[in-house]
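Thanks for making time for this. I will go through one structure and keep to what can be read from the coordinates.

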Amino acid sequence: MAVAAERVSLDLTHVVYDVSSHTSFVLALLTLSPILLMPAYAVLAVQTRELTIINMWAGQFFSEGLNIVLKRTFKEERPPDSKLHLDGYGFPSSHSQYMGYFGAFIICHLYFRHRFASTGNALLDQSFRLLVYAAITSWVALVAYSRLNLLYHTPHQVAWGLAIGALLGTIHYIVTEHLPYRRPLSVFGRIRTAILNHPLMNWIQVRDGWAIWPDGGREIEWKHWKDMYQQRQTSFHQKRAN
């Protein structure tokens with residue numbers, strides 16, 4: 001009889017929580033939420049072909065790679081009293097770094113480039129923007145806190161993860177998005193222009209919507225769809241009348 005191979009748990013989706021606590025259960029769900037970002041990146045990249053989204057996704061992969069390097073360099077164990085018997089090192093927290101990068105990049109983009117459709121009321125517009133910032137920040141903070149509450153990391157492992165991720169997200173955005181937009185003739189701007197003009201990028205129709213429209217082209221695309229839809233409806237009713 002063949003000897004059964006050793007089996008281990010996939011830590012990516014395996015979460016241990018306090019079954020007697022509803023809070024612990026909610027935090028267990030939140031600690032899994034970063035996994036949803038990867039398929040979201042993929043869907044948005046394929047659907048929109050936006051260079052900013054592809055760039056953000058690439059930076060997220062780089063952040064994950066950096067986290068692996070840091071963990072293998074420092075080799076710091078997870079909390080000794082967690083009793084979770086997890087494989088791998090704990091410094092810095094990969095979930096915290098992941099969300100730190102995501103939060104920093106997207107907030108920078110919303111602050112420097114993206115503009116939501118206006119309601120006509122400046123106070124209401126600003127309040128909505130602040131609400132979006134608060135929602136993103138809260139999500140990042142809750143995921144980081146979940147790593148503490150579930151005993152996967154120590155406070156400084158989580159804090160360093162957040163700091164490294166946020167710093168990386170901010171630097172990556174400024175160097176690859178903000179500076180090329182503000183200074184198109186700089187080396188950063190020329191690199192971005194070269195990427196957009198590359199034959200491969202033209203073939204797969206990658207675009208930089210935020211370089212033209214403050215909302216990335218969402219409103220003008222919707223207006224174009226609305227016009228075409230109304231024309232189709234008018235044509236349909238005219239055919240029925242005849």
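**Rings, core and salt bridges**

Let me begin with a group of rings: Y101, F105, Y111, F112 and Y173 are joined into a cluster by ring pairs. Before going further, please keep in mind that this is a predicted model.

How many aromatic pairs does a search of the whole structure find? The count is 13. One of them is formed by F91 and W160, and this pair is edge-to-face, with 6.2 Å from centre to centre and 65° between the planes. Two values are quoted because a pair of aromatic rings is described by the distance of the centres and the angle of the planes. The angle of 65° makes the pair of F91 and W160 edge-to-face, because planes over 60 degrees apart are counted that way. The two partners belong to distant parts of the chain: F91 lies in the loop between α3 and α4, W160 lies in helix α6, and 69 residues separate them. W160 counts as partly exposed, because its relative accessibility is 47%.

Next, the core. The largest nonpolar core has 13 residues, and those that touch the most other members are L37, Y41, M56, M99, Y101 and F102. Which helices each supply at least two residues of this core? They are α2, which spans 37–48, α4, which spans 94–112, α5, which spans 122–149, and α6, which spans 155–182. The largest share comes from α4, with six residues.

Y41 is worth a separate look. Leaving aside residues up to four places away in sequence, Y41 touches I53, M56, W57, Q60, Y98, Y101 and F102. Y101, one of the residues touched by Y41, is also part of the ring cluster I began with.

Now the charged side chains. How many salt bridges does the structure hold? There are six. I will describe some of them.

Take R192 and E177. They form a salt bridge in which the closest N and O atoms are 3.1 Å apart. This pair also links distant parts of the chain, with R192 in helix α7, residues 187–197, and E177 in helix α6, 15 residues apart. R192 and E177 are both buried. They also belong to a network of salt bridges that links R113, E177, R192 and D208.

A further salt bridge joins R207 to E221, with 2.8 Å between the closest N and O atoms. R207 sits in the loop between α8, 199–203, and α9, 218–241, while E221 sits in helix α9; the two are 14 residues apart, and the pair links distant parts of the chain. R207 counts as partly exposed at 26% relative accessibility, and E221 counts as partly exposed at 42%.

E219 is partly exposed at 36% relative accessibility, and K223 is partly exposed at 43%.

On to the surface. Y17, V19, F25, V26 and L29 make a nonpolar surface patch of about 490 Å². Within that group, V19 is placed in the segment before α1, which spans 22–32. V19 is classed as exposed because its relative accessible area is 72%, and exposed means over 50%.

Last, two distances, for a sense of scale. T73 is in helix α3 and is exposed, with a relative accessible area of 54%. From T73 to V140 there are 67 residues in sequence, and 25 Å in space from C-alpha to C-alpha. P80 lies in the loop between α3 and α4 and is exposed, with a relative accessible area of 81%. P80 and L196 are 116 residues apart along the chain, and 50 Å separates their C-alpha atoms.

That is the end of the tour.

Notes
Residues numbered from 1 in each chain as written. Predicted model: local features only at pLDDT ≥ 70, side-chain atom pairs only at ≥ 80, totals over all residues. Heavy atoms only, no water. Patch = residues over 30% accessible without salt bridge, like charges linked within 9 Å, V, L, I, M, F, W, Y side chains within 5 Å. Areas by Shrake-Rupley, 256 points an atom, 1.4 Å probe, with all protein chains shown as cover. Salt bridge = Lys/Arg side-chain N within 4 Å of Asp/Glu carboxyl O. Helix = DSSP H or I, 4+ residues; strand = E, 2+ residues; numbered from the N terminus. Buried < 20%, exposed > 50% of the residue type's maximum accessible area, 1.4 Å probe, protein only. Core = buried A, V, L, I, M, F, W, Y, C linked by side-chain atoms within 4.5 Å. Contact = heavy atoms within 4.5 Å. Phe/Tyr/Trp six-rings, centres within 6.5 Å; stacked < 30°, edge-to-face > 60°.
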